[in-house]
Amino acid sequence: MSVILLQTVGSFSAMHPFQCVLRARRCLRRGPLASVSWLLLRTCRAHSSVPSSACPSPQRQQEDGVWKDFSSRLATGPTFQDFLRSASVPPEQPSSSEVEDPPPYLTVDELLGRQRRVYLETYGCQMNVNDTEIAWSILQKSGYLRTSNLQEADVILLVTCSIREKAEQTIWNRLHQLKSLKSKRLRSRVPLRIGILGCMAERLKEEILNREKMVDILAGPDAYRDLPQLLAVAESGQQAANVLLSLDETYADVMPVQTSPSATSAFVSIMRGCDNMCSYCIVPFTRGRERSRPVASILEEVRKLSEQGLKEVTLLGQNVNSFRDNSEVQFNNAVSTNLSRGFSTNYKAKQGGLRFAHLLDQVSRIDPEMRIRFTSPHPKDFPDEVLQLIRERDNICKQIHLPAQSGSSRVLEAMRRGYSREAYVELIHHIRESIPGVSLSSDFIAGFCGETEEDHLQTVSLLREVQYNIGFLFAYSMRQKTRAYHRLKDDIPEEVKLRRLEELITVFREEATKANKSFVGCTQLVLVEGPSKRSAADLCGRNDGNLKVIFADAEMEDATDSRLRVRAQPGDYVLVKEMWQSLNSANPGSMGGVSLR
Ligand code: 5AD
Ligand code: SF4
């Protein structure tokens, strides 16, 4: 079996990634698909050590390739059958003008989905949920249909996560199940195609294709536009991959498809990638360099969501508050903003561009009834103008995620987080003074390289000191390629990591229970999401601080007309009084309440 692999030239390559794709395509033009085997993009680079015959320069191709190129195109070009097939394309298929120009080795017809049914499965973070919608938007335009029934699928795509070993293991296990589904496929149906998208495709590349021969396509996080092409190549029984990382792909023009028509909230991706290079983190290697989407395209998307009646948007990015739109020259004259006090970066200071405060201001003005949240930020990028805006604007939720990772300055230094415990605690105080009643959440890692018992106790004491409302806690998982992998020793035994993690979880729950007590007896504005999972007689929604609130689905007074009695619907705001804490101590972020209106 042959493979077309448009391989990354490294996330920090000086070569513009789109140039790389074009060059790869020029190489592909040289011969029929069946003869292309592991076409490594690397071999196409001008300074490659590979002999020039392996991939001649574009100039040489031009000199001696014109005739060969033409004859090979003839040999591999569309047949009479292809013309017949394209003549009988059903009317609901997208027109060829809607489909992107095909590369020289494919016809427009081959790029069409031909009503194949795609089943998409998402793992990992919210960025992946959003990426799933982007991937689907691209495939839908190409004439694919979506199915939520695995048995009915012609194409199964897994949008994957690499952040911890466990996340990857789940996906390997899933692949084994899908393998048997593929092998049992009836001959009367089109062959089942399986694709790995996202971080795991980026991180493991060849390993996936070699280990799992049943995987047909790989697409890294910046390669979703190529999905129709990759699937078209897979149609001929070959494996196809594009794991190029980009310096500027933001999918700004791809409007994600809202999968749930009754949804009250949506995620809007505003930037991709990360330049921080925390020593434990694989993200900069799987998702590449930081780049922001132009403000205008974000505002347009939020406006559309508001027109559709959505009541909440969460601005998304790996490093959401490092947002910097440099898409127009005049943006470089924008006033510069500062880092949070006592914080530093692992990269050279960047200048100019429209920053997060500007974006937040603009987004929050679109619809005063639309709640605005953002995740996930880095504590270094909270200048006063961002905090002031959160305080002043009613529709920006008073909720901040402030990933600490550790309470020990020594460990924070080894993690290359760019702050000490003291600077972090000072920022917490400053945020609480600036935004009274703010709800805080954080991420922590237990058992990082060299973490002593004393370091661990420092984290315990930070949890006690801050009393977060919501927390995400993980055991450290060593990831190849990271700085910690190269420079530090993963020396904390697994059982110690897990014991420390358990301790952190216990302390977090105790403190969150205390913190969330402040809501008991209060009246809260809750955005209704839908029926509660626990009881059909209850509704579920979230307060401004993002805590889940469950209350009886009863008739209540309409806020606009007190004579009317109504039942709350998803997307309604309801005043919930007499909040009480959920009896479920495992989830101190869940509250009960009685609706007022
Ligand atoms: N091991 C454990 N947790 C990690 N995170 C990131 N990388 C790792 C790793 N190698 C956690 C951090 C981050 C969150 C998204 O995942 O806490 O904030
Ligand atoms: Fe990973 Fe650090 Fe970037 Fe977050 S900020 S994605 S933890 S490198």
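Analyst: Among contacts in the protein chain between residues at least 6 apart in sequence, 73% join residues at least 24 apart, where contact means heavy atoms within 4.5 Å. This is a predicted model, in which local features need pLDDT of at least 70, side-chain atom pairs count only at pLDDT 80 or more, and totals for chains, interfaces and linings use all residues. Residues are numbered from 1 along each chain as its sequence is written, chains are lettered from A and ligands numbered from 1 in the order in which they are written, and side-chain values use heavy atoms, with hydrogens and water left out.

User: How many helices and strands are there in the protein chain, and what makes a stretch count as one or the other?

Analyst: The protein chain holds 18 helices and 24 strands. Helices (H or I, at least four residues) and strands (E, at least two) are DSSP runs, numbered from the N terminus.

User: What share of the residues in the protein chain is buried?

Analyst: Of the 597 residues, 54% are buried. Buried means under 20% relative accessible area, exposed means over 50%, and partly exposed lies in between (1.4 Å probe, protein chains only).

User: Why is H5 called mostly covered?

Analyst: In H5, 12 of the 16 residues are buried. Among them are Met 127, Trp 136, Ile 138 and Leu 139, and the buried set also includes Asp 131 and Glu 133. Just after H5, Gly 143 takes a positive phi of about 95°.

User: How do you know which residues are around ligand 2?

Analyst: A residue is near a molecule if one of its heavy atoms lies within 4 Å of it. The residues around ligand 2 include Cys 274, Cys 278, Cys 281, His 378 and Arg 417. This shell divides into 7 nonpolar, 3 polar and 1 charged. Here Ala, Val, Leu, Ile, Met, Phe, Trp, Tyr, Cys and Pro count as nonpolar, Asp, Glu, Lys and Arg as charged, and the others, Gly among them, as polar.

User: What makes E8 and E14 edge strands?

Analyst: An open sheet of 3 strands has the order E8-E11-E14, with parallel pairing. E8 (265-269) and E14 each have a single partner strand, so one side of each is left without a neighbour in the sheet. Neighbouring strands of this sheet are turned by 25° against each other on average, direction ignored.

User: How do you know that E11 pairs with E14?

Analyst: Two strands pair if DSSP finds at least two bridges between them. E11 (residues 312-316) and E14 have 5 bridges in the parallel sense, and Leu 315 has Phe 374 in E14 as its bridge partner. E8 is likewise joined to E11 by 5 bridges.

User: Why is E14 called largely enclosed?

Analyst: In E14 (residues 371-375), 4 of the 5 residues are buried, so the strand is largely enclosed by the rest of the structure. Helix H12 (residues 356-366) lies across E11 and E14, running at about 150° to E14. Axes are lines fitted to C-alpha atoms, for helices over the stretch in contact, and angles run from 0 to 180 degrees between N-to-C directions.
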